[in-house]
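Here is a protein to explore step by step. Take a moment with the sequence and the fold before reading on.

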Amino acid sequence: MFAEKILQTMWQIDMKVPQGYTITQATADHVPLLAAIEVAAAGIFPPGSIPEYIRSDSTPIEPLLEAVEDGLLWVALAGDGKPVGYALVQMVADAALLAQMDVHPDHMRKGIGSALVMQVVEHLRLLKKPELYLTTFVHVPWNAPLYAKLGFAAINSADTPSFLKDILEEERLCGLTDRIAMRLVV
């Protein structure tokens, strides 16, 4: 009971959206604005830490529009109503995958990324999805540590679901190294 109370308290803290921002399900009007956020977020990686093509690459519009229709895309909006971050979930092998989460560098380190992830988790709770998976970098201090703070745990190779092994292999073939799989029990 005590552990449950601590988790409930942590949940309430993490669910707070930073003042001046809102988290909402994305609309088709938001989608064209998300590429700029993703590219800007890739720009904070130190030189040589990611393949150069990623600095100008972004998620194609089609999967984002599909996610809008499926209710699996959220945006963080600044006070002026413009998106400054987003979280994209994909359903893979009946599992929920946090496929992309980015916050524009001008709005980082305010809790927006945490609020986006916690909004995703809340949605998955309502859908009765037991877990949320992701792949992320381990060599930069703002990826795996952020997710660990939110309750995600690294998955060892033997326990990694096959769909996630396939994703990690695809990422490796695209030059993304230093990646791990993580899981959050929802």
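Predicted model: local features only at pLDDT ≥ 70, side-chain atom pairs only at ≥ 80, totals over all residues.

Residues are numbered from 1 along each chain as its sequence is written, and side-chain values use heavy atoms, with hydrogens and water left out.

Start with the sheet. It is open and has 7 strands, in the order β1-β2-β3-β4-β5-β7-β6, with mixed pairing. Helices (H or I, at least four residues) and strands (E, at least two) are DSSP runs, numbered from the N terminus. Two strands pair if DSSP finds at least two bridges between them. Strands of a sheet pair through backbone hydrogen bonds, either parallel or antiparallel. At the edges are β1 and β6 (153-154), each pairing on one side only.

Now follow the strands across. β1 and β2 run antiparallel, joined by 4 bridges. Thr22 has Leu77 of β2 as its bridge partner. Next come β3 and β4, also antiparallel, with 8 bridges. β4 and β5 run parallel, with 2 bridges. Ala96 finds its bridge partner, Leu132, in β5.

How many of the residues of β4 are buried? The count is 7 of 9, so β4 is mostly covered. Buried means under 20% relative accessible area, exposed over 50%, and partly exposed in between (1.4 Å probe, protein chains only).

In α2 (34-42), the buried residues are Leu34, Ile37, Glu38, Ala41 and Ala42. They lie on the same side of α2 because they cover an arc of only 130 degrees around the axis. The arc is that of the directions from the helix axis to the C-beta atoms. An α-helix has 3.6 residues a turn, so residues three or four places apart point the same way. The buried residues of α2 pack against α3, β2, β3 and β4.

Helix α3 spans residues 61-70, and its buried residues are Leu64, Ala67 and Val68. Their arc is only 105 degrees around the axis, which puts them on the same side of α3. On the other side, Glu62, Glu66, Glu69 and Asp70 are exposed. The buried residues of α3 pack against α2, β2 (73-77) and β3. Just after α3, Gly71 takes a positive phi of about 70 degrees.

Next, look at Pro18, in the loop between α1 (2-14) and β1 (22-25). Pro18 counts as buried because its relative accessibility is 13%. Leaving aside neighbours within four places in sequence, Pro18 is in contact (heavy atoms within 4.5 Å) with Lys110, Gly111, Ile112 and Ala115.

On a 1 Å grid over the protein atoms alone, a pocket is an open set of points where a 1.4 Å probe fits, with protein on both sides within 12 Å along at least five of seven lines; lining residues have an atom within 4 Å of a point. Of the 47 lining residues, the closest to the centre are Ala99, Gln100, Met101, Asp102 and Arg179. β4 gives the largest share of the lining, 7 residues.
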